[in-house]
Number of protein chains: 2
Amino acid sequence: MREIYVNGQYLSEENAKVSVFDRGFLFADGIYEVTSVLDGRLIDFDGHFERLERSMAAIEMKLDIKKEALLEMHRQLLVRNSLNEGLIYLQVTRGAAERDFAFPPVNTKKTIVAFTQEKSLIKSKDAKRGLKIITLEDMRWGMCDVKTVQLLYPSLAKMQAKSQGADDAWLMRDGLITEGTSNNAYIVTNEGVIVTRDLSPQILSGITRKAVLQCAKDLQIKIEERAFTPEEAANAKEAFVTSATTFVMPVIEIDGKAIGKGEPGPIAKKLREIYIEESLKSAI
Amino acid sequence: MREIYVNGQYLSEENAKVSVFDRGFLFADGIYEVTSVLDGRLIDFDGHFERLERSMAAIEMKLDIKKEALLEMHRQLLVRNSLNEGLIYLQVTRGAAERDFAFPPVNTKKTIVAFTQEKSLIKSKDAKRGLKIITLEDMRWGMCDVKTVQLLYPSLAKMQAKSQGADDAWLMRDGLITEGTSNNAYIVTNEGVIVTRDLSPQILSGITRKAVLQCAKDLQIKIEERAFTPEEAANAKEAFVTSATTFVMPVIEIDGKAIGKGEPGPIAKKLREIYIEESLKSAI
């Protein structure tokens, strides 16, 4: 039986509950992070912690748990659930309070929930096969750099992709790709340049994005951080996405059109390999 | 002690909980309605039920409880909590399931939560005094006609208003007012015409909006459903908002500038009076 962390306690799934007055439930007033686990250890915990604090600050929430305590809790979850490979999901909300659009008093105890999910990350079938992507209008709110639980549109977009026989969707604002439903989006031009959307409130500042761009730099691949169109993507040599749990995942088709040879490209494969290598080295 | 409805049971506040795996908590994958209560009876229950079904359909959710059962539950809540004046908050989510952007199986049991809030609606101080409003950029998602619990931006906007000594905010997209944080927005021009944003995915199709516009028609007041600018609002003769729990609420100041004489206007007052009268007549 999986043990879930809820406000200082480790509970069975059945008992892992929050108040119906929790602002995470009533107002989507919560922030989350997903940290991947390889070999029973955490990948880039520091990066996820920093972004958690940044997201919370953006919506005027302050974390009332120390980094060390949060790390200890993550490790407890690993041990209690014998997790070797997969992820830890963490969510912090503004806490439970009588329903009101105005924030509750600042001393309201935040709700902290975390749980594990077992998942085969390295030997992923999707990585071997590559993903089929459709493009959809980006209908999300204007602060996509803040990792809130307002995930209904990405969820709807994912279902839309599935209903069309694809795996996922890339979102588009003003005719330009922003990012995937739960990942950052990249293309490799015919000149071998990696192009990915520049950081702004329109996309999430991916922890894996940062690490993978560093890997690319180390490989002396040219990088352009800028917007690109679906047409540019369709004519690219390669395409891929990155996220904490998919690492680097090749994209082989966009809106029904094969990318390059219609199979995972060499740059995506190389970056995936190196990213996993580096992650295993630095995992804690 | 208040009794809360959670999935068929009436529970104490302390025991009113939902799973941490509830999609309302993890993905803001839920719809809500607020029905006001006057004289121990429900105002426009039919309208709220219809919109609930419409919102749910828009995100591919199907209500698995009958209208009669929902009405009976609302009445139970009134009786169990001896509620005479206030509101009943209702939330339906896609239910609890292992976390995944893809929807859970369609037969996953929806989560249904409802609770009462006591509130003096008719003798409201705000209605006597009138509201001070600021204008802010509308950063919400693109499907504001669907009443989801993705309410973080309205909540942030409300706090922003308060920090500036105002009561609430009107949101603006492309320089045009859409609506308030949790209400529809209206102005009365110097020619005595009521102007309010036309229905579209940019605003909520207010149940009270519909009823109040009917009251205005009955009074033979001319109505224009169209977008208006903050400048037009600032130079209006009157301004007001409508919502299920505020009915018609005069606005006396926008961005620091007094509207008309800086006091509740006669049309807003008249509409409030008639709306309350009609509501008391048709309450069930």
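A salt bridge here is a side-chain nitrogen of Lys or Arg within 4 Å of a carboxyl oxygen of Asp or Glu. Lys and Arg count as positive, Asp and Glu as negative, with His and the chain ends not counted. Buried means under 20% relative accessible area (1.4 Å probe, protein chains only).

This is a predicted model: local features need pLDDT of at least 70, side-chain atom pairs count only at pLDDT 80 or more, and totals for chains, interfaces and linings use all residues. Residues are numbered from 1 along each chain as its sequence is written, chains are lettered from A, and side-chain values use heavy atoms, without hydrogens and water.

**B:Glu85**

B:Glu85 is buried but has no salt bridge. The nearest side chain of opposite charge is B:Arg272, 7.3 Å away. B:Glu85 sits in the loop between helix H3 (67–80) and strand E6 (86–93) of chain B. Helices (H or I, at least four residues) and strands (E, at least two) are DSSP runs, numbered from the N terminus. A polar atom of the B:Glu85 side chain lies 2.6 Å from the backbone nitrogen of B:Leu121. Contacts (heavy atoms within 4.5 Å) of B:Glu85 include B:Val37, B:Leu38 and B:Lys119.

**Strand E8 of chain B**

Two strands pair if DSSP finds at least two bridges between them.

| Partner of E8(B) | Sense | Bridges |
|---|---|---|
| E15(B), residues 247–254 | parallel | 3 bridges |
| E9(B), residues 168–173 | parallel | 5 bridges |

B:Lys132 stands opposite B:Glu253 in E15(B). B:Ile134 has B:Ala169 in E9(B) as its bridge partner.

Technical notes. Buried means under 20% relative accessible area, exposed over 50%, partly exposed in between (1.4 Å probe, protein chains only). A polar contact is a pair of N or O atoms within 3.5 Å; within protein, one must be able to donate a hydrogen and the other to accept it, and residues adjacent in sequence count only if both atoms are side-chain atoms. Lists of a residue's contacts leave out its neighbours within four places in sequence.
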